[in-house]
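Welcome! Please take a look at the sequence and the structure below, and then read on for a short tour.

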Amino acid sequence: MAQAKIQAKANEGHNAGKFCRSMSMAARSSHLLEVLDDLDIRVQSLRDSASALELEKDSLIEMIHNVKNSQDMRNISDGEREELTLTAERLMNRTVTVEVSVETIRNPQQTSALQKATLIIDEILKKVMDNLEDGKKLLNSLYAACTSDVPPGPIDQKFQSVIIGCAIEDQKKIKRRLENLIRNIDNSEKSITLLEKSVPLKNNEI
């Protein structure tokens, strides 16, 4: 009887040890999960911050380019234009030295979709060089395929089906690229219009 009691207590002690170790492992696992959840938030914050820097860099480059090619630049003296152009080029050189890169994780299907979307945009850009107005219409139809808003014009259905297959981050970048291209074309059209107005008419054209 005494031996049976001793064996029972030994078994209880052994089981209690297993139970404590099990609880300890669960606590560690829970703690590690909390740490990883916190790191996940910080990693996403890092990517978002880097993406914001990418946007800021693109915006600065576009603004510097617009200043260099603005109508105001044409309406100042040669000396002032030269000085301001050098300043703009210095700012551009400083801006492009900032390297910010956020790599997008893609599966093979998303990689293929991105390549197709890029090819479509590049092909239209070739047409823009030949005809600014028609090229802008085509770019607008691509942009309409990227937005959830009701577009003012037609939607490129083929491009929309391609975009849907892209990673979410790539969809945002493609939309942003199209916005910049359309805005640059608008600025080019304004510059051409202003330039035409500023050219004096010849006697036989009056």
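This is a predicted model: local features need pLDDT of at least 70, side-chain atom pairs count only at pLDDT 80 or more; totals for chains, interfaces and linings use all residues.

Together with Leu 36 and Leu 39, Val 35 makes up a nonpolar patch on the surface. The accessible area of these three residues together is about 240 Å².

Next comes helix H3. Which residues of H3 are buried? They are Ala 88, Met 92 and Thr 95. These residues lie on the same side of H3, because they cover an arc of only 60 degrees around the axis. An α-helix has 3.6 residues a turn, so residues three or four places apart point the same way. On the face of H3 turned away from the buried side sit the exposed residues Glu 82, Glu 83, Asn 93 and Arg 94.

The largest nonpolar core consists of 20 residues. Ala 117, Ile 121, Leu 139, Leu 142, Phe 159, Ile 174 and Leu 178 have the most contacts inside this core. Each helix in the table supplies at least two residues of the core.

| Helix | Residues |
|---|---|
| H4 | 108-130 |
| H5 | 132-144 |
| H6 | 157-164 |
| H7 | 168-198 |

H4 provides the largest share of this core, with 7 residues. In soluble globular proteins, nonpolar side chains tend to be buried together.

Key
Residues are numbered from 1 along each chain as its sequence is written. Side-chain values use heavy atoms; hydrogens and water are left out. Buried means under 20% relative accessible area, exposed over 50%, partly exposed in between (1.4 Å probe, protein chains only). Helices (H or I, at least four residues) and strands (E, at least two) are DSSP runs, numbered from the N terminus. The arc is that of the directions from the helix axis to the C-beta atoms. Patches are made of residues with over 30% relative accessible area and no salt bridge: like charges are joined within 9 Å, nonpolar side chains (Val, Leu, Ile, Met, Phe, Trp, Tyr) within 5 Å. Accessible areas come from the Shrake-Rupley method with a 1.4 Å probe; for residues, only the protein chains shown count as cover. A salt bridge is a side-chain nitrogen of Lys or Arg within 4 Å of a carboxyl oxygen of Asp or Glu. A nonpolar core is a set of buried Ala, Val, Leu, Ile, Met, Phe, Trp, Tyr and Cys residues joined through side-chain atoms within 4.5 Å.
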